[in-house]
Structure formats: structure tokens, C-alpha cells
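Colleague: I would like to learn how to read a model like this one. Can we go through it feature by feature?

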Amino acid sequence: MSYLELRNLQKRYTKDGPLIVDHMNLSIEKGEFIVLLGPSGCGKTTTIRMISGLEEVTGGDILIDGESVLTRKPKDRGVSMIFQSYAIWPHMTVFDNIAYPLKLQKLKPAEIKSRVEAAAGATGIKGFLDRYPRQLSGGQRQRVAVSRAIVVKPKIFLMDEPLSNLDAKLRVTMRTELKRIHRQENSTTIFVTHDQAEAMSLADRIIVMYRGKIEQIGTPAEVYRNSATRFVASFIGTPPTNFFTVKIERTGDGLAALCSDFRYRVPPSLIGALDPYEGKEAVLGIRPEFFGIVPGMERGESWICDGTIDFVEPQGSYAILITHIGGAEIKIVSSEFLELPLNTRVALTVKEAMFFDPASEKRIKP
Ligand SMILES: Nc1ncnc2c1ncn2[C@@H]1O[C@H](COP(=O)(O)OP(=O)(O)OP(=O)(O)O)[C@@H](O)[C@H]1O
Ligand SMILES: [Mg+2]
């Protein structure tokens, strides 16, 4: 049995308004770290507010530990939520902020004290219990919010972009901290973000959400390698996937994807799946690191066309090479060519590619 289950969950904010959360189905196991990833406005906050009980559902059901929680008040659902703004009280000390939910539960002072100290110890702020929030750095305030969420020992943690107020370096540090706390507490967590790099580095499984619907659920490697839709392929990975509208044509015993500027030979493993597209259009997706470049203009098996490297953006251990195919700007990631003279002519090769149906935008799979 799953620990948290969403069954056909739906949300409209007004009676005739749009479906903001559109028949969402999801099963989460105990102890999983799930990241809900999607662009601004796709319904992430709405979804976790419904789970926490802060927002009413329009349809469907939410089960925690096998029981529907729709009729339970937020405080009786066993969930703790951390908000983007932390929502810690400025007029209370760190101790009182963390102790607040325990006081609501009317626990004895001695137990409150020991649990607050344990929670503050887990997040590394035990030395700051007497301070007020204004005397803390952003990262320390964030830890107060995390401590207050873990002190109640919730069944499920809901975190809504908890790192977005922090500067880039602190985000990365706190990311590792949250992962460590998660391992230590073995808490079931749903973490919301629109930052795909954050999602990739934190998640056991990523739920990619778009326009109120789940586009794909999978491990970070699965959503990256086996993107189920054009949207997932475009949203996961930086720089993003390069897309081309191509025509599928027969060539002897195989198929080729043609556009005005290149011809890509369809790999044997995909010929069966692309057969129905012969004479029709498909969308070809090539990740920046799936391109290869050959400065010697050698046109081997995987050659698609010649190109000019307009300029190079060094990134340290790799470089982003900018070229163009047809009118479109193309980004190539290379760990081999970190420096190239301006306007170098190269042969472009393709090591791997994805095809999508132009109408449904779903991946065309073998
Ligand atoms: N109280 C509300 N009343 C009406 N519409 C709302 C309300 N809250 C959110 N919406 C709408 O629902 C949609 C989803 O909002 P939601 O806050 O869930 O998005 P999100 O994925 O969390 O986005 P972000 O990444 O920007 O936080 C948006 O179009 C938003 O305008
Ligand atoms: Mg939000």
C-alpha cells in the first residue's frame, strides 16, 4: 500500500473556471523524496495545499496511510508544510518558533524542550535558540523553518520552493542539508520547485507537471534519458534540447529524417516505430551533448551537416558551442573542445536523438 495516494485529484478555483489540477494520480511510498517540478503557474502549490488541507479539493481523493483525509483538518493530517517565505514569527525567539506546534499540542514543557533541542540539533542551529529571527542569516532562518516542520514528526513533509529566497551558493549548501536531514529522519517528502537542476539533485523520483497534468514520473535519470514528451525533453536539461521539424523518408532499407539543412539517418532501433511516419512530419530532439563536432571536416557515419562555430562559452570542465542550423541557433555541449578559434568550420555529428509525434507531442518509442 502506498503511503500517500492522489486519486483523480482535481481543482477549480471557481465553478466555471479552468481545471488547475487536472485528474492527478500519484502513489508515493514511505520515505521517498519526491520533487514536484514544473513551470510557474502549472499547479504545484495548489496540489500540495490540497494535500495539507489548506485548500479544498474539487474532485478526487487524497489518501494518507490508506485513509482518505479529505474530511480531516490540516492539523489532523500528519503533514508539515514549509513555505517559500519560511513563515517564522519575528517577535518569537528561535526556541519559541520551533516549540509553537508542540505548544498547540499541549505537550509538557520538559518534552517540548527536549524535542526542540533535538530538532535544532538536526539542522545545526542549537546555538541560536535564544535569538530572534532578525539576528539570523537567511540560511539560519531557513533552518528554523525546517526545525519547526520536523519537530512534530510528521508523516509527510511538504516543502514549497523552500530554497528560493536564498542566494545561489547557499541554495546548494541547504540542498545537501535537506537531503541529509531527510536521510536521518527518513521522512516522506514532497519538495516543490521550478528549478530542474534542484529537482535532479534532490529527488528519488521527479513528477514533471505541466498545465495541471502529470507529464512524467520517473527517476532523475529516467526523465532525462527517456523523456516521455516534448515538454519534458525541453524542460529538463541545460542548455535545453534542440528541436527540429523533420520529414521522415525511406532510404533503401532504412529511414532518414530530413529538414532543409540536414539529413539524419534513423538508427535501426527506431525504424519500426517511425515506419508509420514515412512521408510525414515528426519532431526530432537532440540534446546539446548528443551532438559531436569534428574540426577536420571528416564526414563519418553519424555526420549530419557542416557548420560554423559562432562562438564558445567556456564553463570550466565543459564548453557550450554556439552554431546555427538553418535559421535556428543551436547549442552544443562539449567536454572535448573547450576552446576553438572564432568561426571554425566543423562537421556536425549526432550520437543520439529523440523523436516526438508532432500532434500529441509524445515520444515515439521503439
Ligand atoms: N486562490 C486562487 N484563486 C484563483 N486562481 C488561483 C488561486 N491560486 C492560484 N490560482 C491559479 O492557479 C494556477 C496555479 O497556481 P499555483 O500557485 O498552483 O502554481 P505554481 O505551479 O505553484 O506556480 P509557481 O511556480 O509560480 O509558484 C495559476 O494560474 C494561478 O493563477
Ligand atoms: Mg507555487
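**Reading the fold**

Modeller: Start with contact range. Take the contacts in the protein between residues at least 6 apart in sequence: 66% of them join residues at least 24 apart. Keep in mind that this is a predicted model.

Colleague: How many helices and strands are there in the protein?

Modeller: The count is 9 helices and 21 strands. The C-alpha atoms fill a box of roughly 80 × 45 × 35 Å along the principal axes.

Colleague: Into which domains is the protein divided?

Modeller: Domain 1 covers 4-235, and domain 2 covers 242-356. Their centres, taken over C-alpha atoms, are 40 Å apart.

Colleague: Next, burial. What percentage of the residues in the protein is buried?

Modeller: Burial is read by counting neighbours: 20 or more other C-beta atoms within 10 Å make a residue buried. Here 34% of the 366 residues are buried.

Colleague: Which residues of the largest nonpolar core touch the most other members?

Modeller: That core has 89 residues, and Val35, Leu158, Ile207, Ala282 and Leu284 touch the most other members. Helix H4 (residues 138-150) supplies the largest share, 5 residues. Domain 1 (4-235) and domain 2 (242-356) each give the core at least three residues.

Colleague: Take one of those. Which residues does Leu284 touch, not counting residues up to four places away in sequence?

Modeller: Leu284 touches Phe244, Val246, Ala257, Tyr264, Ala353 and Phe355, with that sequence limit applied.

Colleague: Now the ligand. Which residues surround ligand 1?

Modeller: Read the shell by name, then by class. The residues around ligand 1 are Tyr13, Ile20, Gly38, Ser40, Gly41, Cys42, Gly43, Lys44, Thr45, Thr46 and His194. By class, 3 are nonpolar, 7 polar and 1 charged.

Colleague: On to backbone angles. Where is His23, and what is its phi?

Modeller: With a positive phi, check whether the residue is a glycine, then look at its setting. His23 is not a glycine, yet its phi is positive, about 50°. His23 sits in strand S2 (residues 21-28).

Colleague: Why does His23 count as partly exposed?

Modeller: Because His23 has 15 C-beta neighbours inside 10 Å. Partly exposed residues fall between the limits of 12 or fewer for exposed and 20 or more for buried.

Colleague: And Asn343: where does it lie?

Modeller: Asn343 lies in the loop between strand S19 (328-334) and strand S20 (344-350). Asn343 is another non-glycine with a positive phi, about 60°. Asn343 counts as exposed because it has 9 C-beta neighbours inside 10 Å.

Colleague: Which peptide bond is cis, with omega near -15°?

Modeller: The bond from Thr238 to Pro239. Pro239 is in the loop between helix H8 (230-235) and strand S11 (242-251).

Colleague: Last, hairpins. How many bridges join strand S17 to strand S18?

Modeller: Look at the direction, the bridges, then the turn. Strand S17 (residues 311-314) and strand S18 (residues 319-325) run antiparallel, joined by 4 bridges. Glu313 has Ile320 of S18 as its bridge partner. The hairpin has 4 residues between the strands, and Gly316 takes a positive phi near 95° there.

Colleague: Which residue of S19 is the bridge partner of Leu321?

Modeller: Ile332. S18 and S19 also run antiparallel, with 7 bridges between them. Their hairpin has 2 residues between the strands, and Gly326 takes a positive phi near 60° in it.

Key:
Residues numbered from 1 in each chain as written. Chains lettered and ligands numbered in written order. Predicted model: local features only at pLDDT ≥ 70, side-chain atom pairs only at ≥ 80, totals over all residues. Domains from an automatic or database assignment. Near = placed C-beta within 6 Å. Nonpolar A, V, L, I, M, F, W, Y, C, P; charged D, E, K, R; others polar. Core = buried A, V, L, I, M, F, W, Y, C linked by C-beta atoms within 7 Å. Contact = placed C-beta atoms within 7 Å. Pairing = 2+ DSSP bridges.
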